[in-house]
Amino acid sequence: QVQLVDSGGGLVQPGGSLRLSCAASGFTLQYYTVGWFRQAPGKEREGVSCISSSGDNTYYADSVKGRFTISRDTAKNTVYLQMNSLKPEDTAVYYCATSTYLCPYSPRAARSWGKGTQVTVSS
């Protein structure tokens with residue numbers, strides 16, 4: 001079965017950290033650009049970060065630069081998003097998605113999506 005499973009969300013206090021995982025089954029994630037997107041209530045889905053198939057190129061939205069780090073583990077067929085210094089405005093459902101496009105790419109260019117993982121930053 002071909003699917004993406006995103007996980008690792010939760011409730012964290014401001015300034016805290018979380019690591020999201022995007023695991024692929026049924027296909028090789030290495031061949032695709034992988035992006036992380038987020039969607040807060042009442043807002044459009046926005047791109048947060050992206051990593052090329054080789055892992056050599058990464059992209060970060062201005063709002064997360066210096067706080068988030070994207071990486072990929074080819075052996076585990078997984079992409080990670082390390083999120084540090086979290087802020088309340090980071091609260092959203094986070095989705096990973098694959099694409100054959102280069103980073104960054106629009107949500108409309110995504111090939112497949114995970115079901116999302118909730119991140120809530122609150123004291």
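Welcome to the tour: this structure holds four aromatic pairs. Rings of Phe, Tyr and Trp (its six-membered ring) pair if their centres lie within 6.5 Å; planes under 30 degrees apart count as stacked, over 60 as edge-to-face and the rest as tilted. You are looking at a predicted model, in which local features need pLDDT of at least 70 and side-chain atom pairs count only at pLDDT 80 or more, while totals for chains, interfaces and linings use all residues. Residues are numbered from 1 along each chain as its sequence is written, and side-chain values use heavy atoms, with hydrogens and water left out.

**Stop 1**

Select Tyr95 and Trp113. Their rings form an edge-to-face pair, 6.2 Å centre to centre with 90 degrees between the planes. Tyr95 lies in strand E9 and Trp113 in strand E10 (residues 112-113), so this pair ties together parts that are 18 residues apart in sequence. Strands (E, at least two residues) are DSSP runs, as are helices (H or I, at least four), and they are numbered from the N terminus.

Buried means under 20% relative accessible area, exposed over 50%, and partly exposed in between (1.4 Å probe, protein chains only).

Next, show Arg45. Its place is over the face of Tyr95, at 3.8 Å from the ring centre. The charged end of Arg45 also sits over the ring of Trp113, 4.6 Å from its centre. A charge sits over a ring if NZ of Lys or CZ of Arg is within 6 Å of the ring centre and within 35 degrees of the ring normal.

**Stop 2: strand E4 and its neighbours**

Stay with Phe37 and colour strand E4, residues 33-39. Six of the seven residues of E4 are buried. On the E9 side (residues 92-99), seven bridges join the two antiparallel strands, and Phe37 has Tyr95 as its bridge partner. Two strands pair if DSSP finds at least two bridges between them. E4 also pairs with strand E5 (residues 46-51), again antiparallel, over five bridges; here Phe37 stands opposite Gly47.

Follow the chain from E4 into E5 and you trace a hairpin with six residues between the strands. In the turn, look for Gly42, with a positive phi of about 80 degrees. Lys43 is in the loop between E4 and E5 too, and Lys43 counts as exposed at 58% relative accessibility. Draw a distance from the C-alpha of Lys43 to that of Ala92: the two atoms are separated by 9.5 Å, though the residues are 49 apart along the chain.

**Stop 3: the four-stranded sheet**

Move on to an open sheet of four strands, in the order E1-E3-E8-E7, with antiparallel pairing. Strand E1 (3-7) and E7 are the edge strands, each pairing on one side only. Between E7 and strand E8 (residues 78-83) there are six bridges, and Asp73 stands opposite Thr78 in E8.

**Stop 4: Arg67**

Finally, select Arg67, in the loop between strand E6 (58-60) and strand E7 (68-73). Arg67 is buried, with a relative accessible area of 10%. Which residues does Arg67 touch, not counting residues up to four places away in sequence? They are Gln82, Met83, Asn84, Ser85, Leu86, Lys87 and Asp90. Contact here means heavy atoms within 4.5 Å.
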